Amino acid sequence: MLVAAFTWGDLWRLALAVFLLAVGLSFAYLLVRLGGTVQRLSAFISGAEREVLPVINKVGGSVDRVNGQLDKVDRITDSAVDAADSVDTAVRAVSMAVTRPVQKASGFAAGVSYGAADFKTTRDWRHAVQAGKEAAARRERELTDELREAGEGQ
């Protein structure tokens with residue numbers, strides 16, 4: 001007579017119990033699978049850590065060595081700049097020392113040439129000397145102007 005005592009409320013409770021049991025078993029299966037995934041993820045991270053850390057240490061050492069070499073190159077370029085400055089100073093000093101005698105020699109040559117040409121045409125010694133002095137002064141001024149323009153063009 002147990003069957004007659006079974007009511008709709010009992011059926012509802014039985015269905016709820018079966019449902020909750022199925023949910024509980026599904027949830028337990030999900031947690032077991034999630035635990036396995038977490039375990040694999042943890043193993044992956046540990047392996048990556050073991051493999052990556054030595055590589056990072058090697059890269060750090062390489063970067064340190066490259067920085068050392070770059071420091072050496074920096075010193076070399078500083079030395080080259082200092083040497084170029086020294087050469088520039090020396091060239092300017094030599095240029096200044098040579099410029100004035102060259103101007104005088106060029107003026108002298110122009111003066112002699114103009115003076116001789118003037119003496120040939122006029123047969124006047126004083127006039128030829130004066131023409132030579134003017135030509136020499138004019139040539140020295142022209143050379144000074146040419147040198148100034150060349151210096152400004154740099």
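This is a dialogue on how to read some features of a predicted model.

Student: What should I know about the model before reading any values?

Tutor: The model is predicted, so local features need pLDDT of at least 70 and side-chain atom pairs count only at pLDDT 80 or more, while totals for chains, interfaces and linings use all residues. Residues are numbered from 1 along each chain as its sequence is written, and side-chain values use heavy atoms, with hydrogens and water left out.

Student: How many helices and strands does the chain have?

Tutor: Helices (H or I, at least four residues) and strands (E, at least two) are DSSP runs, numbered from the N terminus. Here the chain has two helices and zero strands. The helices are α1 (8–122) and α2 (125–152).

Student: What radius of gyration does the chain have, and what would a compact globule have?

Tutor: The radius of gyration is taken over C-alpha atoms, and the globule rule is 2.2 Å times the number of residues to the power 0.38. For 154 residues a compact globule would come near 15 Å, but this chain has 51 Å. Along the principal axes, the C-alpha atoms fill a box of roughly 165 × 35 × 15 Å. V59 lies in helix α1.

Student: Which pairs can I look at besides that one?

Tutor: A93, in helix α1, is 41 residues from E134 in sequence and 29 Å from E134 in space, C-alpha to C-alpha. S86, also placed in helix α1, is 65 residues from G151 along the chain, with 18 Å between the C-alpha atoms.

Student: What percentage of the residues count as buried?

Tutor: Buried means under 20% relative accessible area, exposed over 50%, and partly exposed in between (1.4 Å probe, protein chains only). Of the 154 residues of the chain, 10% count as buried. V59 is partly exposed because its relative accessible area is 45%. A93 is partly exposed at 47% relative accessibility, and S86 is partly exposed at 47%.

Student: Is E140 buried or exposed?

Tutor: E140 is buried, because its relative accessible area is 16%. E140 sits in helix α2. Contact means heavy atoms within 4.5 Å. Leaving aside neighbours within four places in sequence, E140 is in contact with R100, Q103, K104 and G107. For the chain, among contacts between residues at least 6 apart in sequence, 61% join residues at least 24 apart.

Student: How is empty space found, and where is it here?

Tutor: Rolling a probe the size of a water molecule over the atoms shows where empty space is left. On a 1 Å grid over the protein atoms alone, a pocket is an open set of points where a 1.4 Å probe fits, with protein on both sides within 12 Å along at least five of seven lines; lining residues have an atom within 4 Å of a point. The largest pocket holds about 400 Å³ of space. Its lining has 12 residues, and the closest to the pocket centre are S95, M96, T99, L147 and G151. Helices α1 and α2 each supply at least two residues of the lining, and α1 gives the most, with eight residues.

Student: How is a pair of aromatic rings described?

Tutor: A pair of aromatic rings is described by the distance of the centres and the angle of the planes. Rings of Phe, Tyr and Trp (its six-membered ring) pair if their centres lie within 6.5 Å; planes under 30 degrees apart count as stacked, over 60 as edge-to-face and the rest as tilted. The whole structure has one aromatic pair. This pair is F119 and W125, edge-to-face, at 5.8 Å centre to centre with 80° between the planes. F119 is partly exposed, at 31% relative accessible area, whereas W125 is exposed, at 59%.

Student: What is the phi of R123?

Tutor: Most residues other than glycine have a negative phi. Phi of R123 is near 60°, a positive value in a residue other than glycine. R123 lies in the loop between α1 and α2 and counts as exposed, because its relative accessibility is 62%.

How values were computed: Points joined across faces, edges and corners; volume = space filled by probe spheres on them.
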